[in-house]
Amino acid sequence: MLTLLTSMYMMVRTFSSQAEPIRVLVTGAAGQIAYSLLYSIAKGDVFGKDQPIILVLLDIPPMLPVVDGVVMELQDCALPLLREVIPTADEAVGFKDLDAAILVGSMPRREGMERKDLLKANVAIFKAQGGALEKYAKKTVKVLVVGNPANTNCLIAAKSAPSIPKENFSCLTRLDHNRASSQVAMRCGVSSDSVKNVIIWGNHSSTQYPDVHHAKVNVNGAEMGAYDAVKDDAWLHGDFISTVQLRGAAVIKARKLSSAMSAAKAICDHMRDIWFGTKEGEFISMGVYAAGNSYGIAEDLIYSFPIQIKNKTWKIVDGLSINDFSRAKMDATAAELVEERDTALDFLSQ
C-alpha cells in the first residue's frame, strides 16, 4: 500500500512540476521555411527539451488546406512536447496570448515589381500584424521578423504595437551570420563551431556588412584572430563579403527556390539564444532597435549589431574598434535602411 501511495505521489509531483505550455506563432505556415522549421520547434530544439509547446500556424485563407497537411504531419511525428496545433487565418486566434511570434510570411518580390511597391505591400501586412500583437498577444511576447525586407518590416510591426517594448522585436540576420562563420571555417579548414564573434552590420540585404575584424578562430587548439587564421586580407575584403551578401541570390539561382533549411536553422539559433542566452565571451548578430547604440547609427532603425543576451534581454556589444573600411560599409547599409524606413513610414501614415 505504501509503495502504491509513493508511486502515486511521484506521478502527481512529476505532472505538477511540468512546465506550462508556451504559445508559439509561425506565420507563412504553408511555406517552405515553416516546413523546415516546425519540426525543430515542436521537438524541443528551440525552447527547451522540457518545455511543452502550443503551435499556432497562421496563413492566408487559400493556403489553409496546405496548412492542414502540415498539421497532419506534425501529429504523425508523435512529439511528446507538442500539446496542440492550431491552424488559422484569423489574427484574433493567431496572435492570442503569444509567448513567441515568428513572422515568416511576407509579400515576395515578383518580376517587374518596383522596390517601393514591395515595401508598400509589406507595410500593410506588418502594420496589421503589429496591430494584432498589440491587441491580442502578451506584452512579454518575443517577436522575430523573418519576412523580407526584414529590418523595415520589423520596425513597422514594432511601431504598430506601441505597448509592447521595442526591445521585444528583432529581425533575422543570423542566417547571414552563420553564412559568414561557415565561409571562414571552410577557408581555415576547421569546423564551424571553431569560429566565433563574426558580425553582420546593418540591413538583411546585399548592402549588409559581414565583419570579421573581431572574430576568433580556433586552429589546432590555438585561438587567433580571423585575419591571422585566414592569411588572405584580399579575400576577406572582397570575395568573402560579396559571397555572404549575395548568398541568398546564389541559392535561388541554383535551387530555383529561396533558402529554407538554412533559414530555419538560423531562426532556431536566434530564438534559442533569446530564450537561453549567448555563451560567455561570445556574441551573435541580430537586427534590433538602434536606440542608444554607440556606433553612430541613426536611432529609429532596426539595424543588425553584435549582440549578447542574458535573461532573455539583449544588449549591443559596445566598444569594438571600427576602422575606416568598416565605417564606410556600416554607414552605407545604414543609409539604405534610412531610405527604406522613410518610404515605409510615408506609406504607414497614408
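## Aromatic pairs and a buried serine

UniProt lists residues 173-347 for "domain: Lactate/malate dehydrogenase C-terminal" in an unreviewed entry; its positions are given in the numbering used here, feature names are shortened, and annotations may be inferred rather than shown by experiment. In the model, that span is 46% helix and 20% strand, and its end C-alpha atoms lie 25 Å apart. Helices (H or I, at least four residues) and strands (E, at least two) are DSSP runs, numbered from the N terminus.

A word on the ground rules: this is a predicted model, where local features need pLDDT of at least 70 and side-chain atom pairs count only at pLDDT 80 or more, while totals for chains, interfaces and linings use all residues. Residues are numbered from 1 along each chain as its sequence is written, and side-chain values use heavy atoms, with hydrogens and water left out.

Let us turn to the aromatic rings. Rings of Phe, Tyr and Trp (its six-membered ring) pair if their centres lie within 6.5 Å; planes under 30 degrees apart count as stacked, over 60 as edge-to-face and the rest as tilted. This rule gives 7 aromatic pairs.

Trp 201 belongs to strand S8 (residues 199-201) and Phe 305 to strand S13 (residues 302-310), so their pairing ties together parts that are 104 residues apart in sequence. Both residues, Trp 201 and Phe 305, are buried (under 20% relative accessible area, with exposed over 50% and partly exposed in between; 1.4 Å probe, protein chains only). Ring pairs also join Trp 201 and Phe 305 with Tyr 295 and Tyr 303 in a cluster.

Tyr 209 is in strand S9 (residues 209-211) and Phe 325 in helix H13 (residues 324-348), so this pair ties together parts that are 116 residues apart in sequence. Tyr 209 is buried, at a relative accessible area of 1%, whereas Phe 325 is partly exposed, at 27%.

Finally, have a look at Ser 194, found in the loop between helix H7 (174-188) and strand S7 (195-196). Ser 194 has a relative accessible area of 18%, so this residue is buried. Leaving aside residues up to four places away in sequence, Ser 194 touches Lys 216, Val 217 and Asn 218, where contact means heavy atoms within 4.5 Å.
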